[in-house]
Amino acid sequence: MKISIIKIDSFKIHEHHLEIIYSADKFQFSTKIFYHDVSFFGLIQKYSQPFIQKIIAHIALFEGMKFCSLFPQYYDISAIAEYLEPAVLDLFVQIYQGVFGQHWYENNITDYQQPEIITSQKLGVSQPGEILGNNQTILAGCGGGKDSILAMKMLEEAGIPVASMQYSHSVYGKADFQHHLISQVLECVQPTSKHQISIFDDFTEFPFLKLYFPENSGITAPETPVSIFESLILMLDQGYKYLCLAHEKSANTGNLFWDEIDKEVNHQWGKGLAAEQILDQFIQEHLLTNFKYFSILQPIYDYRIFQNFSKYPEFIPKIHSCNVQKPWCKKCPKCAYIWLGLMAFSQQSIVNEVFKNNLFDDVDLLPTFREMVGLGEHTPFECIGEIEESRLYMKRCVERSLTGKALDMFTEEILSNSGINWQEIEQKYNSVYSTEHAIPDWVFEKIKEQL
């Protein structure tokens with residue numbers, strides 16, 4: 001079966017949530033986005049209905065990118081065309097081609113660039129507005145992992161007021177459970193406000209793909225880029241002008257270079273500095289002139305993040321990062337990587353209490369650890385650090401007298417190589433890159449010592 005046209009059928013604004021209806025040929029789907037403390041009717045009164053519809057249209061456009069997992073020929077955006085400007089079509093292609101490299105690779109697709117975007121309506125014009133008010137609080141995303149809580153702690157200790165934004169997605173399980181886990185993490189800091197977004201998506205939640213497209217590797221979505229647009233509703237409502245996420249320098253490096261399409265494939269492309277700058281510039285030029293999006297951890301690699309995180313042992317029992325079964329499935333690359341980094345730097349007794357098992361001795365994870373340290377075809381498609389970072393963690397684990405099959409493998413196949421310049425590698429990953437980021441100067445001056 002092939003899908004010819006994906007389409008935005010309609011969107012509807014309710015008092016506390018948005019409902020967007022999509023179709024893929026004869027199939028229909030809905031995406032519902034709930035904002036727990038936002039009144040859309042109040043927001044429309046504060047700004048205007050056309051302006052809020054313009055923001056929602058951009059959310060709808062990028063939420064619809066997940067249907068590109070079906071490799072459609074066309075994407076019909078007629079229902080929202082009047083609220084979009086021509087420049088957003090170029091942005092869509094940039095985001096799609098950056099995010100979907102992994103999907104092409106997994107499905108061995110070498111001759112598909114993107115769907116052709118079509119519309120029966122004329123596109124609108126670029127008329128950026130402003131976020132009203134004078135709120136200097138930074139809105140910080142919190143997904144419940146080590147990065148986001150460390151970022152919020154840094155802002156808090158620098159004396160910068162920060163509000164939290166957390167969101168759940170039906171693909172990760174029950175919304176209440178996800179919010180409960182993130183709320184536990186937020187107990188470690190004192191945000192001025194705690195905002196929640198809950199997304200319910202029957203395309204990703206239901207077994208549609210497995211039943212109708214069993215040969216397809218799975219659904220890919222531009223999760224980070226679309227979350228940026230979804231955050232704009234909160235920023236408009238509360239008057240926040242700064243959006244801070246916690247993406248590290250490690251996200252800028254791909255998993256492999258695919259010769260057949262002459263392109264790097266990067267699972268984390270949407271979190272990288274290039275995507276950050278593209279999105280920030282677009283929103284400032286076409287939607288909100290006094291908006292600023294940045295990542296506070298962009299100047300440092302994961303290697304340094306794990307070191308900084310180890311200063312807060314009380315965080316360890318509260319964080320979660322698994323995308324398979326929250327808080328930890330203990331079988332996926334993400335669980336293995338977090339375990340590795342924590343064991344390299346943090347109090348081992350606390351890590352052991354959380355994970356219960358020695359993941360270094362898990363036979364099922366041995367191929368994953370091999371890929372992490374560069375002994376596979378490519379690094380695992382997950383949000384993890386670079387090959388040499390993982391090697392540094394394993395070296396530290398060996399030096400801390402930890403044991404397990406994965407460490408035996410590393411000792412025999414990597415550590416035995418006397419030609420590796422460990423000092424040079426550590427210098428690279430333990431440095432602070434003070435110019436390779438988009439953090440506002442006034443924020444960087446206050447937090448640079450904490451990096």
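A nonpolar core is a set of buried Ala, Val, Leu, Ile, Met, Phe, Trp, Tyr and Cys residues joined through side-chain atoms within 4.5 Å. In this model, which is predicted, the largest such core has 80 residues, and Y35, F62, F229 and F291 touch the most other members. Helix 2, spanning residues 49-63, supplies the largest share of this core, with 9 residues.

Leaving aside residues up to four places away in sequence, its contacts are H16, L18, F40, I59, Q196, I197, E230, I233 and L234. There is also a second, separate core, made up of 76 residues, with Y312, L342, I350 and L451 among them.

Helix 12 (residues 333-345) and helix 15 (residues 387-399) have axes 8 Å apart and meet at an angle of about 50°. Angles under 35 degrees count as roughly parallel and 65 to 115 as roughly perpendicular, so helix 12 and helix 15 are oblique to each other. The crossing of helix 12 past helix 15 is left-handed. On the helix 12 side, the contact is formed by Y337, L340, G341, M343, A344 and F345, and on the helix 15 side by E389, S390, Y393, M394, R396 and C397. Of these contact residues, 8 are nonpolar, 2 polar and 2 charged.

Terms used. Residues are numbered from 1 along each chain as its sequence is written. This is a predicted model: local features need pLDDT of at least 70, side-chain atom pairs count only at pLDDT 80 or more; totals for chains, interfaces and linings use all residues. Side-chain values use heavy atoms; hydrogens and water are left out. Buried means under 20% relative accessible area, exposed over 50%, partly exposed in between (1.4 Å probe, protein chains only). Helices (H or I, at least four residues) and strands (E, at least two) are DSSP runs, numbered from the N terminus. Contact means heavy atoms within 4.5 Å. Axes are lines fitted to C-alpha atoms, for helices over the stretch in contact, and angles run from 0 to 180 degrees between N-to-C directions. Angles under 35 degrees count as roughly parallel, over 145 as roughly antiparallel, 65 to 115 as roughly perpendicular and the rest as oblique. A crossing is left-handed if the near helix is turned anticlockwise from the far one by less than a right angle, and right-handed if clockwise. Ala, Val, Leu, Ile, Met, Phe, Trp, Tyr, Cys and Pro count as nonpolar, Asp, Glu, Lys and Arg as charged, and the others, Gly among them, as polar.
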